[in-house]
Amino acid sequence: MTFNPLEERGIPLDRQLRTWRELDVEPVDPDHADPYTKCRIIAMNGIEIESIMFGHNFTRVCPDLEVKRQLAEVRYIEQQQQKVVNWLLPGSASPLETTISYEQVAVDLTAWVARMEPDPYLTQAYQFGVLEDFDHLYRYANLYELIQHRKAEKIVDGLTEVIPGRPTRFHHRHPADNVREPYDRTTVDPLSRLHALTIMAAEQQTLSFYLNVGPQYMEPIARQLYQEIAMIEEEHVTHYESLVDPGETWWERLVTHEYNECYLYYSFMETESDRRVRAIWELHLNMELEHLRLACDLMRRNDGREPEEVLAPELPNVLTFEPNKAYLRELLDTQIDLTTLGTGYVQEAHERFERMQEALMGGEDPVSDQVVTRHVEQFGEDYRVETEGPHPDPTLRRREASHR
Amino acid sequence: MTEERTAGRVPTATMDPDVIDLLIGQHMEIRDLFTEVEAATGDARADAFGRLVTLLAVHETAEEQVVHPMARGALDGGDDVVDARLAEERQAKELLGELEKRDPGSAEFDTLLAGLRVAVLAHANSEEAHEFRYLRRTVDPARLRAMATMVRAAEATAPTHPHPGVESAKANLTVGPVVAAFDRARDLFTKARSGKD
């Protein structure tokens, strides 16, 4: 029997409010937790925040007082859900350690979505983006050993390789080239809507996280690396949000948000290794089923359409955090030198790209290069977790200290 | 990026490591050594625990003898900050003393070890957040670097990494009971200081 969120009953909204005591969750252990449990926490936090901010934006353009009241009630519960989810992260992990988990999310979530996405243009967008997150993981891992004196393999635990992707310096494109074509809401596969929303939410949360934690560091190299990579997260949010059809109505978007939360909580409940965390995914799924039911009623009343017209007939494959090493190596082998031009992709560095690069770099190496150079100076080589043999691209194989 | 800033008071990763770098590095080693003890069994566990005791002894002693006295004078509310850290260290030492009386293969050992780990990691976290980052702001970088040299010299003489095979793992544990390990570490620092200061 497949799980159909439209047919399940959840917890009535007036029984969803939790006390302060219930919100006070015990965090997961920084050293014993499954790295993918941390990834699920980080991903779900991004999903909750997107849902909350969507609700605020909707409220700002919504003239109907009754609708605004209902949105506020549901949003209050979602804020509580966000507190429970994100407060599962351990306070003893430094922001940089959490950053490495954020990049592990970006890599393995985007790679999985790229593998499952039915539309080739959208697949290309995820494949393009994932090679950049993959390189960010490598840059932050080098920074981690430089300033925190610990190896990132303790965090990613061999599930995700840490090797160069498309070099970060080449991610700085002209902003106009970050805008993609949207899918067509009348013909799109419902799964594609969920994918686009999930990855957009994850990247948006990564952007916010870097904007806030970057200045908490004292070391100039850390402050600068957060600045540089946060500017690329701005590009990624632009890239992914432009995939979504802007013609979707607010009601359509509302039910898609709620449905996506059901989909992800269900997926995480099915794949979670930590029993205590699993119970949270299950509880939140039962709350979201009710949020979805309320959203569907609003759509029927205000949009004159049935939610089934935009939602999947049944829940898609369980979204799974799992290693994507072979897939990523294949992309490294074939797509590392891509950039964007207009809404498409090209292999050569075109004029607008070169102008942007020159204007930004000011003739110096960006800090994403410096962090590797400094690592080589201090440790004799760059930091990598290379579990599947040498890098597929010969020019990105290990840089020795002779580069000094 | 301005040269002035990198060369100024804020330490950078490529400069000689200062005493804070050194102690943060040890926090990470301690953290990973706990995981190693938890995962190991038999002699390997006794051996890893022996290394943990030695590392904790030299590390905590370096903090007590070198860093905390400096923090008392250099930080606003330094006495309170340091007193709180010393109370945590005392609690950890007591737990360590309880642990060494137990058989490393017993369930009691596991429970005590889990408690010690949480206490030590929370203590390390408080030091980094409430003490170390403010020391970097207030103390002359050259002084912090000189302290690193002193601490390294003192620790070089401590058997931080006993060689398995030379002595049996059990023997390591019996020659390094907790109190003795801390006493020995204190002696090393006293010698290093009288030689340097």
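These legends accompany several close-up views of a predicted model. Residues are numbered from 1 along each chain as its sequence is written, while chains are lettered from A in the order in which they are written. Local features need pLDDT of at least 70 and side-chain atom pairs count only at pLDDT 80 or more, whereas totals for chains, interfaces and linings use all residues.

**View 1. Where chain A touches chain B.** Let's start at the interface, where 16 residues of chain A are in contact with 19 residues of chain B (in contact: C-beta atoms, placed from the backbone, lie within 7 Å). On the chain A side, α5 (120-148), α8 (220-241) and α13 (367-379) each supply at least two residues; helices here are DSSP runs of H or I with at least four residues, strands are runs of E with at least two, and both are numbered from the N terminus. By class, this side of chain A has five nonpolar, five polar and six charged residues (nonpolar: Ala, Val, Leu, Ile, Met, Phe, Trp, Tyr, Cys and Pro; charged: Asp, Glu, Lys and Arg; polar: the others, Gly among them).

**View 2. Helices α7 and α8 of chain A.** The axes of α7(A), residues 190-213, and α8(A) come within 9 Å and cross at roughly 155°. Axes are lines fitted to C-alpha atoms, for helices over the stretch in contact, and angles run from 0 to 180 degrees between N-to-C directions. The pair is therefore roughly antiparallel (over 145 degrees; under 35 is roughly parallel, 65 to 115 roughly perpendicular and the rest oblique). The crossing of α7(A) past α8(A) is left-handed, the term for a near helix turned anticlockwise from the far one by less than a right angle, with clockwise being right-handed. Among the residues that meet are A:Ile199, A:Leu207 and A:Tyr210 from α7(A), and A:Ile229, A:Val237 and A:Tyr240 from α8(A). This contact divides into 12 nonpolar, three polar and four charged residues.

**View 3. Helices α3 and α4 of chain B.** Over in chain B, α3 (residues 42-74) and α4 (residues 78-100) pack at an angle of about 165°, with axes 9 Å apart. These two helices are therefore roughly antiparallel to each other, and α3(B) passes α4(B) in a left-handed crossing. Residues making the contact include B:Val53, B:Leu56 and B:Glu60 of α3(B), along with B:Val82, B:Arg85 and B:Leu86 of α4(B). Eight nonpolar, three polar and six charged residues take part.

**View 4. A close look at B:Thr61.** This residue lies in helix α3 of chain B. B:Thr61 counts as buried because 25 C-beta neighbours lie inside 10 Å (buried: 20 or more other C-beta atoms within 10 Å; exposed: 12 or fewer; partly exposed: in between). Leaving aside neighbours within four places in sequence, B:Thr61 is in contact with B:Phe182, B:Ala185, B:Arg186 and B:Phe189. As for the chain around this residue, chain B has eight helices and zero strands, and buried residues make up 35% of its 197 residues.

**View 5. The nonpolar cores.** A nonpolar core is a set of buried Ala, Val, Leu, Ile, Met, Phe, Trp, Tyr and Cys residues joined through C-beta atoms within 7 Å. The largest one has 96 residues, with the most contacts inside it made by A:Ile100, A:Ala141, A:Leu143 and A:Val255. Its largest share, 15 residues, comes from α5(A). A second, separate core of 41 residues includes B:Ile20, B:Ala48, B:Val58 and B:Ala185.

Note on methods: Two residues are in contact if their C-beta atoms, placed from the backbone, lie within 7 Å.
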